[in-house]
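Student: Let's go through this model together. Please put it on screen.

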Amino acid sequence: MQLSARSGRIAVSPTMKVAADAIKMKSQGIDVVDFGAGEPDFPTPPHISAAAHRAIDANFTKYTANAGTEDLKRAITERYKIDNGADYSPSEVICSAGGKQALFNSVLALFGAGDEVITHMPGWPTLVEQIKLAEATPVIVRAHAENGFCLTADMFLSAITPRTRGIILNSPGNPTGALISEADLEAIARESAKRGIWILMDLCYDKLIYDPVPHNVIGVLARHHRDRSVLCGSASKVYAMTGWRCGLAVGPAPVIAACNAIQSHSTSNVCSITQKAVEAGLRGPQNCVSDMLDEYRRRRDQLCTWLSAEPRIGLNKPAGAFYLFPDVSEFLSPDGFRTSAELAAALLNDSHVALTPGEAFDAPGFLRISYATSLKELERGSQRILEFLATRTGARAASR
């Protein structure tokens with residue numbers, strides 16, 4: 001079948017493939033421990049769900065404005081003011097069907113053929129694929145395990161060429177959980193302002209940072225590069241609302257207007273009921289977010305303790321998000337598992353543990369383990385991983 005050239009430039013999201021494989025095995029009655037999921041296992045907070053019930057009872061079930069209700073857009077700007085000291089108006093906000101669409105709208109609005117757009121790896125593969133869909137050229141800079149995968153200004157500034165049109169950053173990052181410091185982001189912003197380069201910020205995990213380190217990236221960009229920055233976020237991770245599908249983009253009004261035009265010909269408005277629920281999340285108590293963060297921290301620390309029983313696993317404790325991204329290159333060899341993709345496939349097929357190979361994030365030799373699941377499941381899964389590595393790759397792990 002002859003498909004468009006565009007469709008030939010992209011591939012299905014590898015993270016979604018892992019989820020589909022795990023679901024298929026579970027449907028066959030197989031006891032799978034799923035470390036592949038990139039979504040919170042917590043229920044949506046009750047006050048948010050209650051707002052959705054009220055919306056249904058009030059028959060708030062019709063189309064809304066394409067960019068979202070004025071109430072929701074104001075709630076977003078108010079949250080940015082409270083949390084980040086950044087002033088935006090509702091005309092600078094659009095709500096979309098998830099953070100992925102917010103980014104996609106922004107990429108299509110800003111980039112095109114002949115443009116170079118810098119982003120980073122290991123990183124979320126969708127960012128690269130969206131750049132390609134816009135017919136721009138992705139330029140990849142690399143973070144490294146030796147320094148905790150931290151993003152630095154030099155990484156990005158050294159990759160700028162006369163064709164550079166934009167920079168896309170994700171902090172905390174998927175899959176590494178690494179952060180960019182405020183100082184490094186300010187340096188990027190100041191240089192980008194001089195050169196007329198756009199900055200897109202993927203803020204999906206912005207509220208999931210474990211230590212009290214300065215990370216007001218919204219404030220930094222609002223102060224130093226407001227006219228050419230687009231901030232893309234989501235309710236999915238912060239409020240455990242992945243299935244509700246609500247993302248947002250905040251930026252200069254002309255860009256948001258262009259995103260609005262693009263969205264008007266694709267999905268139109270976010271579900272009306274979801275909008276009321278997200279508004280309640282933004283305006284309501286935020287202790288639900290800190291409660292989830294505290295539990296993620298406990299899981300992260302315990303998972304690191306369990307996996308450290310196998311000294312060949314290279315561990316970097318993530319600063320944010322809810323993924324561990326261990327180095328498993330010590331288990332790879334020409335005569336055994338040649339790649340981390342093969343290792344991940346064997347773990348799923350033989351030990352029934354679903355996780356994502358580093359190849360999905362342009363980082364062969366690593367595995368992504370989501371700890372957005374219970375401690376009980378984390379213990380079961382880590383035990384299976386350790387037993388598999390001990391029996392299938394040589395030296396036995398130390399006793400737990």
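**The sheet**

Student: Which residue in β8 is the bridge partner of Ser96?

Tutor: Ser96 bridges to Gly247 in β8. Strands are DSSP E runs of at least two residues and helices are H or I runs of at least four, numbered from the N terminus.

Student: What kind of model is it?

Tutor: The model is predicted: local features need pLDDT of at least 70, side-chain atom pairs count only at pLDDT 80 or more, and totals for chains, interfaces and linings use all residues. Residues are numbered from 1 along each chain as its sequence is written, and side-chain values use heavy atoms, leaving out hydrogens and water.

Student: Back to β2. How many bridges join it to β8?

Tutor: 4 bridges, with β2 and β8 (residues 247-250) running antiparallel. Two strands count as paired if DSSP finds at least two bridges between them.

Student: Which way do the β2 residues point?

Tutor: Val93 and Cys95 point one way, Ile94 and Ser96 the other. In a regular strand, side chains alternate between the two faces of the sheet.

Student: Are those four buried or exposed?

Tutor: All are buried. Buried means under 20% relative accessible area, exposed over 50%, and partly exposed in between (1.4 Å probe, protein chains only).

Student: What's the strand order in the sheet?

Tutor: The order is β2-β8-β7-β6-β5-β3-β4. That makes 7 strands in an open sheet with mixed pairing. β2 (93-96) and β4 (137-142) are the edge strands, each pairing on one side only. From one strand to the next, the twist averages 20 degrees.

Student: And how do β3 and β4 pair?

Tutor: In the parallel sense, with 6 bridges between β3 (residues 116-121) and β4. Ile118, for instance, has Val139 in β4 as its bridge partner.

Student: Which helix lies across β3 and β4?

Tutor: Helix α6 (residues 125-133), which also lies across β5 (164-170) and β6 (198-202). α6 runs at about 165 degrees to β3. Axes are lines fitted to C-alpha atoms, for helices over the stretch in contact, and angles run from 0 to 180 degrees between N-to-C directions.

Student: New topic. What's the volume of the largest pocket?

Tutor: About 810 Å³. A pocket, on a 1 Å grid over the protein atoms alone, is an open set of points where a 1.4 Å probe fits, with protein on both sides within 12 Å along at least five of seven lines; lining residues have an atom within 4 Å of a point. The volume is the space filled by probe spheres set on the points, which are joined across faces, edges and corners.

Student: Which element gives the most to the lining?

Tutor: α2, with 6 residues. α2 (14-27), α5 (99-110) and β7 (229-234) each supply at least two.

Student: Last one. Why does Ser351 count as buried?

Tutor: Because its relative accessibility is 16%. Ser351 sits in helix α13 (residues 340-351). Past four places in sequence, Ser351 touches Ala346, Arg384 and Phe388.

Technical notes: Contact = heavy atoms within 4.5 Å.
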